[in-house]
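Q: Please take a close look at one part of this model, the packing, and walk me through it. I am new to this structure.

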Amino acid sequence: MFKVGMISLGCPKNQVDGEMMLSKLNKNGFQIVADIEDSDVMVINTCGFIESAKTEAIETILEVAEYKKAGLISAVVVTGCLAERYQDEILKEIPEVDAVIGIGADADIVKTCRKALVGVKTSNYPDKCYLPLDDERLVSTPSHWAYLKLSDGCDNRCSYCAIPLIRGGYRERAIESILNEAKMLAANGVKELILIAQDTTKYGKSIYKEYKLAELLKQLCKINGIEWIRIFYCYPDRVTDELIDVIAAEKKICSYIDIPLQHCNGEILKSMNRFGSYDSLKELLLKMKNKIPNLSLRTTFMVGFPGETEEQFEELCRFVKDIKFDKMGCFAYSAEEDTPAFEFDNQIDEDIKMKRADVLMDIQYTITEEANQSRVGNTYKVIVDEKDGDKYIGRSYLDSPEIDSGIIFTSDTEIPIGSFVDVRITDYDGYDLIGERE
């Protein structure tokens, strides 16, 4: 029996693709292993969204290639977004790689790995529409939570974004398919679902010709065993009143929403081929805060977009101070070839971009400290993610796994991982809350 390991990089959507490949390999006689040195073939499921992600992917491929050079593994397979984007360039530049396949070839991962193990080089880039949207998965997250992918690809065509080039146009799953998978996950002990897509709020537009995320959420809330549902990657223009009302009304839906805004200045947003302005976005966010009790808002901003003036950046800083997001990520604009923004004039100097990102994150850190200070003395329902020595690490509805902070707490009695307990907050340490079980 051959042993296969996988390194999955980038976003949760890519991780779900990797889980589907692992399931196929497992069902077809491969033993799944965690460590590179224990494997015969390593699959690297890459990200290629921005420059830092591409650098990480290339460094990972080179690192794994060293294991092959040393004779510790037999084959290296590269798939995912970097493979889709740069194709045969990877084979030419890194001869230790045995196979490079695009995302449309994910369903052929078993055949690809078998060829690689007998020394047959593979290069295959079928149409992106062949990427499976619903298939069996070997879930790689802890047993009490899982991602649930609604769709793939994107038609938004933001001027800076390479995703439509890499992943193709928007495609979505039927409601029945999503519900069946959610029921299966619940039957396997999953208590928290995190809904993901390139744009979750567009869900329904392709198959049903109308937005269906609100209806899907109501159906998911009926599944026994599921206690928390989170929504990621919402597009602000598609956050409908119906969706807001459903989030507010359904107890299983966490009062938590991830809504990447990218900027608040109307001119910059227009240049990004996005909509909105300081006032319209503020109006939407305040409406959400007013209607959804104790809403935790997560967003992402991009600084240093071509032509961003100091005044426009200062406007973004004011916006962050004004809204007081619970969670915020910030990254410097990365000029991606074959996107419209790559050709824009007035590209910003790299040092300025990084400085602006640091300034914005410093503002957010102060906001986070103030918010955490206000939470001392409160009690939260917490899902237990892990035990670290004599302490437990968990999360309230305020925090999503892997990207947000958490709650570090003590307990007089043993708590099974994946359980829900009440924790009273006694202190905070940076982004994390400190507490004790009640």
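A: Helices here are DSSP runs (H or I, at least four residues), numbered from the N terminus. This is a predicted model, in which local features need pLDDT of at least 70, side-chain atom pairs count only at pLDDT 80 or more, and totals for chains, interfaces and linings use all residues. Residues are numbered from 1 along each chain as its sequence is written, and side-chain values use heavy atoms, leaving out hydrogens and water.

H11 covers residues 278–291 and H12 covers residues 310–323. Their axes come within 11 Å and cross at roughly 15° (axes are lines fitted to C-alpha atoms over the stretch in contact, with angles from 0 to 180 degrees between N-to-C directions). H11 is therefore roughly parallel to H12 (an angle under 35 degrees).

Now turn to H8 (residues 213–220) and H9 (residues 241–249). They pack at about 20°, with their axes 8 Å apart. So H8 and H9 are also roughly parallel to each other. Their crossing is left-handed.

Helix H1 spans residues 12–27, which makes 16 residues. From first C-alpha to last, H1 reaches 23 Å, close to the expected 22 Å (1.5 Å times one less than the number of residues). Of those 16 residues, 14 are buried (under 20% relative accessible area, with a 1.4 Å probe and protein chains only). Just after H1, Gly29 takes a positive phi of about 95°.

Next, the rings. The structure holds 13 aromatic pairs (rings of Phe, Tyr and the six-membered ring of Trp, with centres within 6.5 Å). Phe232 and Tyr233 form an edge-to-face pair because their planes stand at 85°, with ring centres 5.4 Å apart (edge-to-face means over 60 degrees, stacked under 30, tilted the rest). Phe232 is buried at 3% relative accessibility. Tyr233 is buried too, at 18%. Phe319 and Phe325 have planes at 50° and centres 6.1 Å apart, so this pair is tilted. Both Phe319 and Phe325 are buried. Ring pairs also join Tyr160, Phe305, Tyr333 and Phe344 into a cluster.

Charges meet rings as well. The charged end of Lys205 sits over the ring of Tyr211, 5.0 Å from its centre (NZ of Lys or CZ of Arg within 6 Å of the ring centre and within 35 degrees of the ring normal). Arg230 lies over the face of Tyr256, 4.7 Å from the ring centre.

Note on methods:
Helix = DSSP H or I, 4+ residues; strand = E, 2+ residues; numbered from the N terminus. Buried < 20%, exposed > 50% of the residue type's maximum accessible area, 1.4 Å probe, protein only. Parallel < 35°, antiparallel > 145°, perpendicular 65-115°, else oblique. Left-handed = near helix turned anticlockwise from the far one by under 90°.
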